[in-house]
Amino acid sequence: MKGIILAGGTGSRLYPLTKVTNKHLLPVGDQPMIYYPIRKLTDAGIEEILIVTGTEHMGDVVNLLGSGKDFGCRFTYKVQDEAGGIAQALGLAENFVGDDSMTVILGDNIFETSLDKAINSYPGKGAQILLKEVDDPERFGVAEVEGKKIVGIEEKPDQPKSDLAVTGVYMYDARVFDFIRDLEPSDRGELEITDVNNHYIQEDAMRFSIMEGWWTDAGTPSSYKRANKLVDSI
């Protein structure tokens, strides 16, 4: 299995903190934000990791992370030339992944639990995502669940059908790149990862588990503050 960390975007919601640096290089606790998803992947035994980030701060990311030697892994880097959405960034990983499966983490996701259990339960085919109960599901992609199946995901719905947010942790087989090629841009002009996940749901090839422990993104001032508090509580 390969690991992919998506660390692009402009970080506009955290401006002016992101005026001179990539959001994922901001400190959370006593470490740069991007260290947390890296550690989650390496602790689960994943040694080949692709970092996708934008053009403006790629040099800073490479200078910080290097080859991966300090983390016990090997880094590959890809540049996302423009903010075209999560799915567009993931599409850049096709040559890196080949025919392997992958675990994808959004670089601003900070969470408590190990990924060992989820990765070990993933059969290597189809998709598997991690969900988490949240108080403000309208901020996220929201999963509608019937029994042990996800029947649909809505992106930032005004009236969420559940409190189960789709966290930024995804496991896919290599078919994900075929789905990405077939996507049409959303109203935001981006290729949406929710549309990718709904492709798998329509093929009855989507599994899920509920994430244990705490979880937050760190992409807004309030969630960034929350991430620091949670990390400091460890």
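1. Aromatic pairs. The predicted model contains 7 aromatic pairs, where rings of Phe, Tyr and Trp (its six-membered ring) pair if their centres lie within 6.5 Å. Planes under 30 degrees apart count as stacked, over 60 as edge-to-face and the rest as tilted. One of these pairs joins Tyr35 and Phe71 in an edge-to-face arrangement, with 5.1 Å centre to centre and 85 degrees between the planes.

2. Position of that pair in the chain. Tyr35 and Phe71 are 36 residues apart and link distant parts of the chain. Tyr35 belongs to helix H1 (residues 35-43), whereas Phe71 lies in the loop between helix H2 (58-65) and strand S5 (74-80). Helices (H or I, at least four residues) and strands (E, at least two) are DSSP runs, numbered from the N terminus.

3. Burial of Tyr35 and Phe71. Tyr35 is buried at 18% relative accessibility, and Phe71 is buried at 8%. Buried means under 20% relative accessible area, exposed over 50%, and partly exposed in between (1.4 Å probe, protein chains only).

4. Phe75 and Tyr77. The rings of Phe75 and Tyr77 form a tilted pair, 6.2 Å centre to centre with 50 degrees between the planes. Phe75 is buried at 10% relative accessibility, while Tyr77 is partly exposed at 22%. Ring pairs link Tyr35, Phe71, Phe75 and Tyr77 into a cluster.

5. Charge over a ring. Lys2 lies over the face of Phe96, at 4.9 Å from the ring centre. The criterion requires NZ of Lys or CZ of Arg within 6 Å of the ring centre and within 35 degrees of the ring normal.

6. Basis of the values. Residues are numbered from 1 along each chain as its sequence is written, and side-chain values use heavy atoms, without hydrogens and water. In this predicted model, local features need pLDDT of at least 70 and side-chain atom pairs count only at pLDDT 80 or more, whereas totals for chains, interfaces and linings use all residues.
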